[in-house]
Amino acid sequence: MHAVAIVAAAGSGSRLGAELPKALVPLAGRPLVCWAVDGLLAGGVTEVVVVVPAAQREAFRAVLPPAVAVVDGGASRTASVRAGLAAAGAAATAVLVHDAARPLTPPEVVARVLGALEAGAPAVVPVLPVVDTTVLVDDDGLVVDAVPRAPLRRVQTPQGFDRRTLAAAYEALEPDADLTDDAAVVRRSGVAVTTVAGDERAAKVTVGHDLTLAELSLTAALREATP
Ligand code: CTP
Ligand code: MG
């Protein structure tokens, strides 16, 4: 299967608060986006398109391998993914959409998503259970109710799609729509979304503490790999 990965890296990272766009922030000396691209290639994708903030295009080009395409993103994640889809090579039959902000996503997660697509699923997301008690609150922050958490899942990336299904869903979407993920885009078109097991190591770097956790996770992985 020829799978193209679209890496959404055009955000600013306002919650992280670094001077660089979040995807260029170093983790063990390498930009987050480089780690993310490595995981996708190791997991079996054929082609990678990275969507970047237009003003930093050259900085991204300088750190990414020559075979990786770099295109300008938009004001929302949805607009950025739309731009990435438009730049994907004609040969791809499957699309994986991934956040650059998930630098340590294990290749096994990528492979599980690809496997479900190969088995015929039109849309696939990696998920994890919710481990904390989860509640509904009112406008004053008072707890209104507890939510049964057994059927709840946290959704990660990469999210995988049959290419035609994803392209049609984006075409049907309003031009200024801003959804938090791509499974939401295809669900609007009535497409069933399959789940596979995610991984805690695919956690998103959102705030400073997440970067500390990613550094620790990497140190642990290197220690395990060293005999
Ligand atoms: N993203 C994007 N284009 C945008 C906004 C976000 O490609 N206009 C990407 C980010 O680069 C990130 C992913 O979508 O890899 C997930 O978004 P998020 O974690 O919210 O990143 P940022 O939007 O950069 O961070 P923040 O919301 O804190 O500003
Ligand atoms: Mg954001």
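The bridge partner of A5 in strand β4 is V48. The model is a predicted one, in which local features need pLDDT of at least 70, side-chain atom pairs count only at pLDDT 80 or more, and totals for chains, interfaces and linings use all residues. Residues are numbered from 1 along each chain as its sequence is written, chains are lettered from A and ligands numbered from 1 in the order in which they are written, and side-chain values use heavy atoms, without hydrogens and water.

A5 belongs to strand β1, residues 3-8. Strand β1 pairs with β4 (residues 47-52) in the parallel sense, over five bridges. Two strands count as paired if DSSP finds at least two bridges between them. Helices (H or I, at least four residues) and strands (E, at least two) are DSSP runs, numbered from the N terminus.

Six of the six residues of β1 are buried, so the strand is largely enclosed by the rest of the structure. Buried means under 20% relative accessible area, exposed over 50%, and partly exposed in between (1.4 Å probe, protein chains only). In a regular strand the side chains alternate between the two faces of the sheet. Both faces of β1 are covered. A3, A5 and V7 are buried on one side, and V4, I6 and A8 on the other.

Strand β7 (residues 123-129) is also largely enclosed by the rest of the structure, because six of its seven residues are buried. Its pairing involves β10, β11 and β12. With β12 (residues 194-197), β7 runs parallel, and four bridges join the two. With β10 (residues 153-155), β7 runs antiparallel over three bridges. With β11 (residues 159-162), the sense is antiparallel, over two bridges. V124 has bridge partners in two of these strands: G160 in β11 and T194 in β12. V127 has V155 as its bridge partner in β10.

R201 lies in the loop between β12 and α7 (208-225). The residue is partly exposed, with a relative accessible area of 44%. R201 and T105 are 96 residues apart in sequence, yet their C-alpha atoms are 5.8 Å apart in space. Not counting residues up to four places away in sequence, R201 touches L104, T105, P106, E108 and S217. Contact means heavy atoms within 4.5 Å.

At the level of the chain, there are seven helices and 12 strands. With 227 residues, a compact globule would have a radius of gyration near 17 Å; the chain has 18 Å, which agrees. This radius is taken over C-alpha atoms, and the globule rule is 2.2 Å times the number of residues to the power 0.38. Along its principal axes, the C-alpha trace spans about 55 × 45 × 40 Å. Buried residues make up 46% of the 227. Among contacts between residues at least 6 apart in sequence, 71% join residues at least 24 apart.

The chain exposes about 11300 Å², of which carbon and sulfur atoms supply 56%. Accessible areas come from the Shrake-Rupley method with a 1.4 Å probe; for residues, only the protein chains shown count as cover. The chain has 19 positive and 25 negative charges, and their mean positions are 4 Å apart. Lys and Arg count as positive and Asp and Glu as negative, while His and the chain ends are not counted. The place of a charge is taken as NZ of Lys, CZ of Arg, CG of Asp or CD of Glu.
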